[in-house]
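Welcome! Please take a moment to look over the sequence and the structure below, and then we will walk through them together.

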Amino acid sequence: MTDHFAYGSITPVLAFLLSCTGCAVGLSCTSRSRAATGFARVAWLSLGAVAIGGTGIWVMHFVAMLGFVPQGVTIRYDIPLTLLSAGVAIVVVGIGLFVNQIGGQRLPSMVIGGFLTGSGVATMHYMGMAAMEMNATMSFNGMYVIASVIIAIVAATAALWCTTHIRGAVATIVATIVMGIAVTGMHYTGMMGVRLSGGTDAIPNGVSTGELLVPLVMAVSVVTLLLVLVVGLWPTESELRAQAEFEARLKESQDRENSRPAPTLAATTEALRAGHGNLTGAPSGFGTTGSPVPGQADAGKLRPRSMQFR
């Protein structure tokens, strides 16, 4: 018998909460990318891909897999393929985010990015299943596989729409819950189509669940907590926009000031004359020749009459 909930509701609830956490952090990162430019935008989109793809999808998948305990079947994991599945999850989410940005966040780019990301998420899911080594033969019901792929594509498209349009705390919470339900639902839909047969007593190769998944899940969870701290300490989208507008106005003011022509010597002299005239109430003799200074007698008139020219 195949038991998907060996530990009851603990694994699905924990998987859902981790998915919501990763999606919430990812939405916070992508919201800041809308107010950023250049390298800062690339950095925020990359962090969003790590949060959504790493925690929101990949960690959720393997936490949910902890509850997959078939009776009489020993499960081991292929380390390289498991790590590759994590890389695929992060890369495909990043591709979707960048396609959405390059396409101007319009509907066609969302659909293309959602299709690529959803297909990649489904690939990650079944790659993670292929990384499981067991002493039984695993097969899949085609209808459940198709349904899981469709859910993945729809969920990815909805996620891209959320990263573009969602603003505000309430809207972000609602979008996070919807994305968590979609991602978790895609996983369990695919798992419902798993069939095991032909069990043997042989011990498969690979490492056990506790030896691989627990350290990996803990490591990615720590990275997610660090991202939460970064997002919490960094300015919000509205604060980044306000800062950008202030810097733009300041630069425009400086450009106008620098574009004014420098005063010439003649203009400076004229300004000094005008200032002197305002202070004395009489025309200034500053800078002129042959004009007596007000209040000073003519030197010729001070001479004795005998010394004056006739």
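Helix axes are lines fitted to C-alpha atoms over the stretch in contact, and angles run from 0 to 180 degrees between N-to-C directions. This is a predicted model, in which local features need pLDDT of at least 70 and side-chain atom pairs count only at pLDDT 80 or more, while totals for chains, interfaces and linings use all residues. Residues are numbered from 1 along each chain as its sequence is written, and side-chain values use heavy atoms, with hydrogens and water left out.

Let us start with the overall picture. The protein has nine helices and four strands, where helices (H or I, at least four residues) and strands (E, at least two) are DSSP runs numbered from the N terminus. Along the sequence they follow the pattern α-α-β-α-α-β-β-α-α-β-α-α-α. Of the 310 residues, 37% count as buried; buried means under 20% relative accessible area, exposed over 50%, and partly exposed in between (1.4 Å probe, protein chains only).

An unreviewed UniProt entry annotates "transmembrane region" at several stretches, including residues 111-131 and 169-192. UniProt positions are given in the numbering used here, feature names are shortened, and annotations may be inferred rather than shown by experiment. Here is how the model looks over those two stretches:

Now to a helix pair. Helix 2 (residues 38-65) packs with helix 4 (residues 107-130) at an angle of about 35°, and their axes are 11 Å apart. From helix 2, Ile57, Trp58, His61, Phe62 and Met65 meet Val121, Met124, His125, Gly128 and Met129 of helix 4; contact means heavy atoms within 4.5 Å. The residues of this contact comprise seven nonpolar, three polar and no charged. Here Ala, Val, Leu, Ile, Met, Phe, Trp, Tyr, Cys and Pro count as nonpolar, Asp, Glu, Lys and Arg as charged, and the others, Gly among them, as polar.

Helix 4 also holds threonine 117. This threonine 117 is buried, at 7% relative accessibility. Leaving aside residues up to four places away in sequence, threonine 117 touches Val92, Val93, Gly96 and Ala156.

Finally, the cysteines. How many disulfides are there? The count is zero, a disulfide being a pair of cysteine sulfur atoms within 2.5 Å. For cysteine 20, the nearest cysteine sulfur, that of cysteine 23, is 6.7 Å away. Cysteine 20 is buried at 10% relative accessibility, and cysteine 29 is buried with a relative accessible area of 0%.
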